[in-house]
Amino acid sequence: MEPYRIKMVEPIPFPTPAERRQAFVRAGYNAFNLPADVVTIDLLSDSGTGATSSRQDAAAVLSDASYAGRSSWFAFRDAVRDLTGYPHILPVHQGRAAERILFSALLGPGKISISNTHFDTTRFNVAATGATALDLPCPESADMDSAYPFKGNIDLDTLATTLAGPDGPKVAFVLMTVTNNGGGGQPVSMANLRATRDLCHRNQVPLFLDAARFAENAWLVTQREPGYQHRTPKEVASLAFSMSDGCTASLKKDGITAEGAFIGLRDPKLARQCEIQLIGTEGHLTYGGLGGHDLARLAQGLREVVDPRYLRARADHTAHLARLVNDAGVAMVQPPGIHALYLNAARLLPHLPPSQFPGHALACQLYLEGGIRCSEVGSLYLGSIDDNFDLTIPAPFELVRLAIPRRVYTQSHLEYVAGVIAEIAKAPERVPGYRILDADPFLRPFTVVMAPLAV
Ligand SMILES: *Cc1c(COP(=O)(O)O)cnc(C)c1O
């Protein structure tokens with residue numbers, strides 16, 4: 001059970017089916033355009049959506065917002081250092097700012113960034129410097145149905161040949177995303193991280209973590225990797241940080257706070273370069289665009305997120321939804337991770353070809369039938385689309401991501417979600433396909449305007 005009880009509540013909206021339909025037409029059938037007050041259960045993102053604790057909010061009231069040297073900064077810095085061991089900690093307002101600052105120091109035209117999978121803002125910030133983002137997910141990740149426990153791993157063989165090959169000197173760093181968000185929220189094993197570290201050392205390439213879900217990765221290591229059963233999640237997380245040269249970390253996820261992120265570094269020269277960018281573009285070294293209250297909440301959130309009772313309850317919460325969805329006969333990416341479930345829309349809606357965006361169709365149906373907001377990860381997001389908005393190259397999968405905010409919804413909320421999914425699964429052939437009316441080529445999921453096709 002959850003190691004906390006509820007002290008403050010917020011009513012959730014219950015729009016009627018007609019109100020949902022109207023709102024969705026106005027939103028161009030794009031969930032990112034829906035006002036939150038017509039959403040009953042919001043599973044669009046686990047980022048910045050967690051519920052803070054009374055201790056976090058108490059710390060926020062006591063926080064210090066002095067321009068320089070604020071006490072809340074020292075509390076934050078010490079909490080991050082205690083966890084990560086990095087000597088240099090740079091605060092930023094969110095993860096993508098950390099990416100922009102670090103990458104502008106290390107990347108540029110002709111350079112390569114290698115990752116198990118670059119998250120979308122990460123890929124954007126790599127490309128913005130003129131460099132190339134190379135994803136090397138492990139081969140096991142391609143089979144969505146297998147129970148392989150560490151599908152977030154990097155492909156060590158291809159990494160070794162790339163580093164030793166003609167492109168080796170162009171590789172500026174390896175960036176390990178834990179957990180692998182772009183790859184279905186799957187964890188990275190400590191064995192894979194250690195082998196990556198060794199390869200990086202041998203080739204004199206730095207290894208960084210994209211550590212947005214460091215605690216959830218650590219929890220899954222204690223549950224799935226031999227030799228770590230008796231380690232605490234904090235020990236495992238600290239070990240992961242100790243194997244790297246630094247990190248970028250959005251704390252909107254495992255910081256359980258609405259804002260915040262940091263860059264952690266060991267190299268003083270690189271830290272100095274980043275500090276200059278930080279002051280020029282984010283804020284002074286002791287706030288980096290964050291309020292004193294954010295820093296104070298984060299310092300406390302970082303302690304709460306590694307509590308094994310919290311992590312067990314969170315993992316069980318997601319696993320409970322996974323079981324119910326499975327009982328309804330709906331397939332999802334296996335094994336279920338922690339921050340999200342990825343429903344296999346292609347399998348549920350075989351009457352819809354990729355050109356009619358089955359993932360988007362299922363996400364829309366969840367909203368229209370149940371007021372549940374979630375997002376597609378399939379051909380709409382990752383496919384190639386021509387100037388007439390026709391799909392030319394489909395994505396390798398058609399998924400719907402149900403992201404689970406931290407400490408927000410109860411088991412009965414998730415049972416409601418499973419009930420709506422089960423209802424759709426009873427007669428999936430009535431779910432219509434969709435076509436694109438308008439979209440920006442770069443930020444398609446956020447800008448797209450869609451319309452349903454006749455069934
Ligand atoms: C969310 C996220 C980011 C970007 O962080 P923001 O705080 O949203 O800017 C980067 N990498 C991963 C893996 C993420 O999940």
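Which residues surround the ligand, and which of them are the closest? The structure is a predicted model, in which local features require pLDDT of at least 70 and side-chain atom pairs count only at pLDDT 80 or more, while totals for chains, interfaces and linings use all residues. Residues are numbered from 1 along each chain as its sequence is written, and side-chain values use heavy atoms, with hydrogens and water left out.

The ligand is surrounded by 15 residues, the closest being Gly95, Arg96, Asp210, Ser250 and Lys253; a residue is counted here if one of its heavy atoms lies within 4 Å of the ligand. By class, this shell comprises 2 nonpolar, 7 polar and 6 charged residues, where Ala, Val, Leu, Ile, Met, Phe, Trp, Tyr, Cys and Pro count as nonpolar, Asp, Glu, Lys and Arg as charged, and the others, Gly among them, as polar. Helix H4 (95-106) and helix H5 (120-128) each supply at least two residues of the shell, and the largest share, 3 residues, comes from H4. Helices (H or I, at least four residues) and strands (E, at least two) are DSSP runs numbered from the N terminus.

Polar contacts are pairs of N or O atoms within 3.5 Å. A polar side-chain atom of Asp210 lies 2.7 Å from a nitrogen atom of the ligand, and a polar side-chain atom of Ser250 lies 2.7 Å from an oxygen atom of the ligand. For Asn181, an N or O atom of the side chain is 3.1 Å from a ligand oxygen atom. Taken alone, the ligand exposes 370 Å², of which the protein buries 97% (Shrake-Rupley method, 1.4 Å probe).

An open sheet of 7 strands has the order S2-S8-S7-S6-S5-S3-S4, with mixed pairing; two strands are taken to pair if DSSP finds at least two bridges between them. Strand S2 (88-92) and strand S4 (132-135) stand at the edges, each with a single partner strand, so one side of each is left without a neighbour in the sheet. Neighbouring strands of this sheet are turned by 20° against each other on average, direction ignored. Strand S3 (residues 112-115) pairs with S5 in the parallel sense over 4 bridges, and Ser115 stands opposite Leu175 in S5. Helix H3 (residues 71-84) packs on the sheet, touching S2 and strand S8 (261-265), with contact meaning heavy atoms within 4.5 Å. The direction of H3 makes about 125° with that of S2; axes are lines fitted to C-alpha atoms, for helices over the stretch in contact, and angles run from 0 to 180 degrees between N-to-C directions.

A further open sheet consists of 3 strands in the order S9-S14-S11, with antiparallel pairing. The twist averages 35° from one strand to the next. S11 and strand S14 (residues 399-403) pair over 3 bridges in the antiparallel sense, and Leu399 in S14 is the bridge partner of Val377. Helix H14 (residues 358-370) lies across S9, S11 and S14, running at about 40° to S14.

Backbone geometry was also examined. The peptide bond from Val178 to Thr179 is cis, with omega near -20°, and Thr179 is found in the loop between strand S5 (171-177) and helix H7 (190-203). The bond from Gln334 to Pro335 is likewise cis, with omega near -15°; Pro335 lies in the loop between helix H12 (308-327) and S9.

Key:
Polar contact = N/O pair within 3.5 Å; in protein donor to acceptor, adjacent residues only side chain to side chain.
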